[in-house]
Structure formats: structure tokens, C-alpha cells
Amino acid sequence: IYLLYMVIGVGLYMCAGVNFFEAICHSMSALSTGGFSTRASSIREFNSFPCELVTMVLMLLGSTNFVVHYHLLRGHFKAAFKHYEFGVFILLFCTILPLMVASLAYQYNDFWLGLRYGAFEFVSAITTSGFQVVESYKTVPPAVFFSIVLLMCIGGQSGSTSGGMKQSRVALVLLNIKWYLEGLGKKGLTIKCHHINRLGQEELLSEEEVKSSCDFVLLYLLLLFIGTMIISMTGVSFSDALFEFASSLGTVGLSIGVTSFSASPIVLWTEIIGMFLGRLEILVVFVLLTKSVKIKGVLAKQ
């Protein structure tokens with residue numbers, strides 16, 4: 001499936017006017033939600049809407065659960081789109097995207113340019129790809145700035161190439177809040193079981209899975225706060241530090257301009273640790289550290 005998309009991506013890029021070498025590079029980078037480009041100014045340097053459209057499609061494909069792709073290719077569209085993670089994407093699509101488009105349209109005094117840039121930056125951030133079409137994030141409206149931070153933290157679907165907290169965990173946290181509010185004021189000792197639609201099938205949701213998602217989101221936000229504070233200690237403004245570390249922890253690659261060859265070693269090492277934790281799903285690293293401490297404790301006693 002992955003190779004099929006990559007080959008199709010190369011063909012589409014070439015149809016959009018991109019040469020063969022750059023078509024291969026950007027097809028691989030967009031599908032893997034890596035964000036690396038052969039151009040210094042990223043996708044913006046092409047100044048081509050067809051090129052941006054192909055990039056958006058590949059980024060969305062890369063950030064979608066690959067089991068969902070299997071169902072789509074088999075024609076099971078209902079099963080694929082009823083998957084519970086799509087609820088988070090639709091919610092963000094209907095709320096955050098219009099806000100970004102409206103803000104950029106007002107800034108540029110051009111609705112179509114606002115729609116073009118807003119849609120691309122929305123997709124780039126939520127897929128944690130890191131491609132860029134705006135000239136600088138320092139000049140975008142505050143609504144766009146903080147929307148991108150939020151999207152970078154949420155990320156794409158589980159079982160995809162994207163980073164962030166993952167839409168699956170965010171979906172369970174939001175559903176848990178919804179169920180909690182629905183249960184307020186209700187009398188009796190009724191125990192209610194909750195179900196979610198996972199790839200077209202109704203599955204019983206365990207309390208352990210919900211708790212695990214809530215714990216992960218809290219841990220992610222705690223690490224985001226710690227990393228932001230460390231970077232801001234070097235003299236970077238809090239908002240810029242938040243953007244930069246959210247990008248690192250979500251393995252996105254977008255930058256406000258803080259990350260560069262001349263940046264403080266503290267900033268760079270904090271971001272390195274953030275990228276490392278974000279790519280390994282955080283819990284894996286903490287489990288490894290916990291096991292290492294236990295092993296050292298046993299060896300010390302011996």
C-alpha cells in the first residue's frame with residue numbers, strides 16, 4: 001500500500017510540473033510525514049497550487065491508519081469512515097480550519113489565498129509533516145499560530161506515519177468527558193458500558209483503555225510544559241518556545257525561527273530529547289528507564 005501511494009505521488013508531482021528527482025523526494029517525504037524538502041523555503045518555493053494539492057493528499061494518506069487504507073482499497077468505505085478517530089479530524093476540520101482560513105483571508109485581504117494557505121497549513125500541522133507555504137510563522141495571526149500548536153500536539157491517527165498524541169487518544173479523552181457530563185446528576189448504581197466504532201465494528205471500550213489514553217495525554221502535556229519552560233529560560237518568548245517544543249515533541253519540523261545552527265545548545269538538546277520521546281511514543285522510553293533503574297537496583301544489592 002505504501003509503495004503504491006509513493007509511486008502514484010511521484011506521477012502526480014510530475015504532472016504538477018515538478019521534475020523527477022524532486023518528485024521522488026517530496027513523495028517520500030510527504031507520505032512519511034517527514035517534511036523534508038529539496039527547497040530551502042519548502043513547498044512555498046514552488047508557488048504552485050497543484051503541487052500543494054498533491055502534497056496535502058499524500059500527507060493525509062500518511063497520517064491515516066494503514067488498516068483504514070486496507071479497507072478503503074477493498075471498497076469498504078462505510079467501515080473505514082465510521083472509524084472513531086475520524087470524529088476528531090471532522091471536529092477539527094469544522095472548527096479550526098475555518099478559523100485559520102478566515103484569519104489568513106483577513107490578513108491577506110484575499111479569500112482564496114487564505115483558503116489555499118489555511119488548508120495547507122492545517123493539513124501540514126495535523127499530519128505532523130512540517131511542510132510550509134506561509135513566509136514566516138512570526139507574521140501569521142495569533143489564531144493561526146495557536147491553532148497550529150494545537151494541531152501539532154494532536155497529530156494523526158494511530159497506525160500511521162504521523163506523530164503527536166494521536167487522534168485515537170484524543171478521541172477517547174473527549175468521549176470520556178462527554179460520558180462523564182452525561183452521567184452527572186443521574187441516580188442509581190447503574191453500570192453503563194460504552195462502545196466505539198473501530199474500523200466499522202462496534203467494540204466494547206474498557207476502562208483501562210480510557211485511563212491509559214488520559215494518562216498519556218496528561219504526560220504529553222506535562223512534557224510539553226517542561227520543554228517549553230526550559231527553552232524559554234534561554235531568553236526565547238514563551239509563545240515561541242511553546243511553538244518550537246510542540247513541533248519537536250510532535251516530530252513535526254515547523255519552526256518559528258528559534259531552531260537554527262546558532263541556537264543555544266540548551267535549546268537544541270531539549271528539542272533533540274523532545275523529538276526522541278515523541279518518535280518513540282514516550283511511554284516506551286519511560287518503561288525502558290524504569291526497567292534500567294530496577295536492574296541497577298538489583299545489581300547494586302547483589
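Me: Let's begin inside. Which residues touch the most other members of the largest nonpolar core?

Reply: The general idea is that in soluble globular proteins, nonpolar side chains tend to be buried together. In this predicted model, the largest nonpolar core has 72 residues, and F122, I148, M152 and F243 touch the most other members.

Me: Take F122, then. What is F122 in contact with, leaving aside its neighbours within four places in sequence?

Reply: You will find F89, L92, F93, I96, L97, M100 and L151 in contact with F122 once those neighbours are set aside.

Me: And on the outside, which residues form a nonpolar patch on the surface?

Reply: Look for L222, F225, I226, M229, I230, M233, F238 and I266, which together have about 780 Å² of accessible area. Helix α10, residues 207–232, supplies the largest share of that patch, with five residues. Another member of the patch, F238, lies in helix α11, residues 238–249. F238 has 45% relative accessibility, so it counts as partly exposed.

Me: Let's stay with α10. How far apart are its end C-alpha atoms, and what span should its residues give?

Reply: The end C-alpha atoms of α10 are 37 Å apart. With 26 residues at 1.5 Å a residue, the helix should span 38 Å, so the two values agree.

Me: Which residues of α10 are buried?

Reply: First, the general idea: an α-helix has 3.6 residues a turn, so residues three or four places apart point the same way. In α10, the buried residues are V210, S213, C214, F216, V217, Y220, L223, L224, G227, T228, I231 and S232.

Me: Now for charges. How many salt bridges does a search of the whole structure find?

Reply: The search finds seven. K211 is partly exposed because its relative accessibility is 47%, and D215 is partly exposed because its relative accessible area is 37%.

Me: Which salt bridge links distant parts of the chain, with K138 as a partner?

Reply: K138 pairs with D240, and their closest N and O atoms are 3.3 Å apart. The partners are 102 residues apart: K138 is in the loop between α7 (111–126) and α8 (142–154), while D240 is in helix α11. K138 is exposed, with a relative accessible area of 55%, whereas D240 is buried, at 14%.

Me: Which residues are linked with E22 in a network of salt bridges?

Reply: R39 and E45 are linked with E22 in that network. Within it, the side chains of E22 and R39 meet at 2.7 Å, N to O. That pair also links distant parts of the chain, with E22 in helix α2 (residues 20–31) and R39 in the loop between α2 and α3 (49–62), 17 residues apart. Is each one buried or partly exposed? E22 counts as buried because its relative accessibility is 8%, and R39 counts as partly exposed because its value is 26%.

Key. Residues are numbered from 1 along each chain as its sequence is written. This is a predicted model: local features need pLDDT of at least 70, side-chain atom pairs count only at pLDDT 80 or more; totals for chains, interfaces and linings use all residues. Side-chain values use heavy atoms; hydrogens and water are left out. A nonpolar core is a set of buried Ala, Val, Leu, Ile, Met, Phe, Trp, Tyr and Cys residues joined through side-chain atoms within 4.5 Å. Buried means under 20% relative accessible area, exposed over 50%, partly exposed in between (1.4 Å probe, protein chains only). Contact means heavy atoms within 4.5 Å. Patches are made of residues with over 30% relative accessible area and no salt bridge: like charges are joined within 9 Å, nonpolar side chains (Val, Leu, Ile, Met, Phe, Trp, Tyr) within 5 Å. Accessible areas come from the Shrake-Rupley method with a 1.4 Å probe; for residues, only the protein chains shown count as cover. A salt bridge is a side-chain nitrogen of Lys or Arg within 4 Å of a carboxyl oxygen of Asp or Glu. Helices (H or I, at least four residues) and strands (E, at least two) are DSSP runs, numbered from the N terminus. The expected span of a helix is 1.5 Å times one less than its number of residues.
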